[in-house]
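Visitor: I would like to learn how to read a model of two chains, one feature at a time. Could we look at it together?

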Amino acid sequence: MSSSDTRYAEQIVATVSQPIVVLTGDLEVEMVNEAFCRAFAVTAEETEKRRLYDLGNGQWNIPELRRLLQEVLSEQEAVHDYRVAHDFEQLGERIMLLNARRMHRPERGDRIVLAINDITESERQRDEIEGRREFGEKLIDSVREGLLILDWDLCVRSANQPFYEQFDVTPEETEGRKIYELGNGQWNIPDLREVLERILPEEWSFDDYEVEHDFEGLGRRTMMLNGRRLDHLDLIILAIRDVTERRKHERRQQVFMAELQHRVKNILNNVRALANQTRRRNDTLDGFFDAFMSRVAALGRAQDLLLKSPEDEVELAKIVRVELEAVGAERGVSYTADGPFLCLSPHNAQALAMAVHELATNAGKYGALKSGGRVAVTWRVERNGGNVHFHWRETGVEIDELTPIRGFGAEIIKRSVPHMLDGTSEFTLHSDGAECRIVFPLPKDD
Amino acid sequence: MTERFLEGRRILVLEDEYLAALDVQQMVEELGGTVVGPAGRLEQARELARAHSLQGAICDVKLNGHTSYPLARELLSTGVPVVFLTGYEANSLEPEFRDVPRVTKPYDTRQMQDLLRAVFRAG
């Protein structure tokens, strides 16, 4: 080789960033390049002319290296990516891939060229990436929400197990398809398209986007979506949560609160009317107070009955019992109540409770419950479910005069039944006690 | 004594709670008006409206299971002024009826009288 060729080669070797060692046939170091010195923190002086295995603290005396140099290279001319792992005293654990070449030079002696590729860092990074990937996969599968991973063209890359379960689909039906094609085109909604195609590219994320739709196999559901666009991986993550039940509950709550408010306002209005009407018919404060409070208490009892029943309907039998017991009557002793199981709507229940309250109050002041007689209450429903026939009969009362019944109570009984129950009421005074017949229709859907 | 400013006016009352209906009836009568009704049901009220000439109506918005809107619509379209009795906040009324004068239950007597005077006296 000419000296200019030598210099040419030397410049190349000096520039190369890989550590290079040239060994003689006896494994003595003839030359190391700058990269080698930098990588292994040695100088050319302390390295050249010495046996490879004697360098440093014998750190190159590695079994795999010995095998490479003594066995492999004796059979082959060149070896690529021969793996050597070693714990160097100063550098620590190092993994290296070696390229080795035997140069045949019969006159001047063979040479071995070693190029060292330190892959320690890249191995570590690869492990870390692998670890992160596994972590990501396990995390995605352990999350309870359905997750869809899309590429930037909105094709499904993958989905997690909860997604497949949630929508009752298989990976085959899902992977590789555009999101708009999934199911019955359930995600092919203009608003969602806008979010995925315009907002996500600009904002990189969106939260709490709601979709209400008739999903294939699921029926009408409300789904809430969160989306994230990942820069480094060209992926979009969609988290899908079924909030149908929650929204239903919220709506029910709203309806309930509105109903409640309305009911309260109505009750207050009724109390107001009660006070007004009672005042007109009572001159004294005590007279007013007794009459007023008695009726307000009846209103309260009706509300109790309403609140106790789950479907908001009240049993007629309970209304009768509660009002009679409030004036001190005893079942089987001073009153009987018989009739089929019958539930009334809140409106009808309140109306009937008011009438029964007046009947019971009247019985307590002037009738059977004062004279030690009895009250017999019965009711029946017409066979085709049309009208309810309610019958109140007091006995054991001595009526001196068959005078027509008067007073606010009587007025309530007479007029509230047609007004509120769309029915009729007849109040008759017999010689042994009062009788009242109330007939009213049941709403069609009962 | 309040002025009988409803003298000569026939006012339809629709309210499904008997006691409240009594109250409204008595108020109208004390102000000199004549009550048509009081009706407790929508159909009953519509029949009364068809059978009598009216100068006004006082309607409970929410009846048993439905609203009094159909009656209100009919009356307003024939130029009969309507006052609503409501337990709801104003903005849960249908948009169509947002401008109908109303009192919320339980109402203040004075407030109600002032409203009746304003709505039913003119013309």
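Visitor: What share of the contacts in chain A with a separation of 6 or more is accounted for by residues 24 or more positions apart?

Guide: Please keep in mind that this is a predicted model. In chain A, residues 24 or more positions apart make up 46% of the contacts with a separation of 6 or more, and the chain itself has 14 helices and 17 strands. Of its 446 residues, 24% count as buried.

Visitor: And what percentage of the residues of chain B count as buried?

Guide: For chain B, which has 123 residues, 41% count as buried. When contacts between residues at least 6 apart in sequence are taken, 62% of those in chain B join residues at least 24 apart.

Visitor: In which pattern do the helices and strands of chain B follow one another along the sequence?

Guide: Chain B has four helices and five strands, and reading along the sequence gives β-α-β-α-β-α-β-β-α.

Visitor: How should I read the sheet, and in what order do the five strands of chain B lie in it?

Guide: As a general idea, strands of a sheet pair through backbone hydrogen bonds, either parallel or antiparallel. Here the five strands of chain B form an open sheet with parallel pairing, in the order β2-β1-β3-β4-β5. Its edge strands are β2 (34-39) and β5 (102-104) of chain B, each of which pairs on one side only. On average, and with direction ignored, neighbouring strands of this sheet are turned by 15 degrees against each other.

Visitor: Over how many bridges do strands β3 and β4 of chain B pair?

Guide: Strand β3 (residues 56-60) of chain B pairs with strand β4 (residues 82-86) of chain B over four bridges, in the parallel sense. To place this pairing on residues, look at Asp60(B), which stands opposite Leu85(B) in β4(B).

Visitor: Which strands does helix α2 of chain B lie across?

Guide: Helix α2 (residues 42-51) of chain B lies across β1 (10-14) and β2 of chain B, and the helix runs at about 150 degrees to β2(B).

Visitor: Finally, how many residues of chain A are in contact with chain B?

Guide: The size of an interface is often given as the accessible area lost when the parts come together, but here we can count residues. In this model 18 residues of chain A are in contact with 16 residues of chain B. On the side of chain A that touches chain B, the elements giving two or more residues are α9 (244-280) and α14 (407-421) of chain A, and the largest share, 12 residues, comes from α9(A). The residues of that side divide into four nonpolar, 10 polar and four charged.

Methods:
Residues numbered from 1 in each chain as written. Chains lettered and ligands numbered in written order. Predicted model: local features only at pLDDT ≥ 70, side-chain atom pairs only at ≥ 80, totals over all residues. Buried ≥ 20, exposed ≤ 12 C-beta atoms within 10 Å, placed from the backbone. Contact = placed C-beta atoms within 7 Å. Nonpolar A, V, L, I, M, F, W, Y, C, P; charged D, E, K, R; others polar. Pairing = 2+ DSSP bridges. Axes fitted to C-alpha atoms, helices over the stretch in contact; angles between N-to-C directions.
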